[in-house]
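Let's walk through a helix pair and a pocket together, one question at a time.

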Amino acid sequence: SSPVKRLAICFAQAPGDDAVRAALLGVAEASYVYTTTKSKPEGRTLQRVVLGVANVAASKPLFDRVVATVKGIELAKEWANRPANYATPTLLAGAAKALAKYPRVDCTVLGPKEVAKLKMGSFMAVAQGSDEPLRFIVLRYNGAAKTQAPSVLVGKGITFDSGGISLKPGPEMDEMKFDMSGAASVLGVFRALAELQPAMNVVGLIPACENLPNGRAVKPSDVVTSMSGQTIEILNTDAEGRLVLCDALSYAERF
């Protein structure tokens, strides 16, 4: 809440990498402001930070890595902090598609028909109680040879989790907008990768849907069939995370 617009950070002695990293991350964390849904948005007051280091040239690679990290963290915060009506599965897919403007980043978004062809029965079961259509998001960062196996990140993308028919208690249910923070973290990683351009391959998978209790919602005792062909008896519809993630993990096997 400080009105300070410019900040200088100096160290009592020549800082090591850990000190520089901590200072930069601390400044970013302390000055972060969420504005998207505010009627009178006021962003960061802090506009310029000068960091005193012993050797600018030697610290530059570390500085660039931390700045890339902050950009990823703040993209993750942006989408995690949004309320569910500003972060539907479709809007989340749009955020992923926007990352494809960066070099070496590709994005493919699968809708209900494509997911049905893949026989992701457990993922579809969670999504069927919502009027918002599901999205299965596939992000790829291609920084190494095609023959090099990628690291695969899977992020839970339940954009709102009411618990379904096994309804959660009302108090603090608003915090269930954060049930897609795993998905937001995957978006953040790809934003950082776009800045850093490392020599590696990375795949990000996001099964995105809402878990709501309408007349079509999955019921306790229902049995569904996952992409792997296993049948699953659903005893509590608020255990939706494992249902969406197991199909995403089965999809990941192809990589």
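A crossing is left-handed if the near helix is turned anticlockwise from the far one by less than a right angle, and right-handed if clockwise. Helices are DSSP runs of H or I with at least four residues, and strands are E runs of at least two, numbered from the N terminus. This is a predicted model, where local features need pLDDT of at least 70, side-chain atom pairs count only at pLDDT 80 or more, and totals for chains, interfaces and linings use all residues. Residues are numbered from 1 along each chain as its sequence is written, and side-chain values use heavy atoms, without hydrogens and water.

Q: In which hand does α3 cross α6, left or right?
A: Helix α3 (residues 89-99) packs on helix α6 (residues 181-196) at about 10 degrees, with the axes 10 Å apart. That makes α3 roughly parallel to α6, a label for angles under 35 degrees. The crossing of α3 past α6 is left-handed.

Q: How many charged residues does the contact of α3 with α6 have?
A: Contact means heavy atoms within 4.5 Å. From α3 come L92, A95, A96 and L99, and from α6 come A183, L187, F190 and R191. Besides 7 nonpolar and no polar residues, the charged count is 1.

Q: Which element gives the largest share of the lining of the largest pocket?
A: The largest pocket holds about 490 Å³ of space and is lined by 19 residues, with L24, V27, V49, F63 and V67 nearest its centre. Elements giving two or more residues to this lining are α1 (17-31), β2 (48-51) and α2 (56-81). The largest share, 6 residues, comes from α2.

Key
Axes are lines fitted to C-alpha atoms, for helices over the stretch in contact, and angles run from 0 to 180 degrees between N-to-C directions. Angles under 35 degrees count as roughly parallel, over 145 as roughly antiparallel, 65 to 115 as roughly perpendicular and the rest as oblique. Ala, Val, Leu, Ile, Met, Phe, Trp, Tyr, Cys and Pro count as nonpolar, Asp, Glu, Lys and Arg as charged, and the others, Gly among them, as polar. On a 1 Å grid over the protein atoms alone, a cavity is a set of points where a 1.4 Å probe fits but cannot get out, and a pocket is an open set with protein on both sides within 12 Å along at least five of seven lines; lining residues have an atom within 4 Å of a point. Grid points are joined across faces, edges and corners, and a volume is the space filled by probe spheres set on the points.
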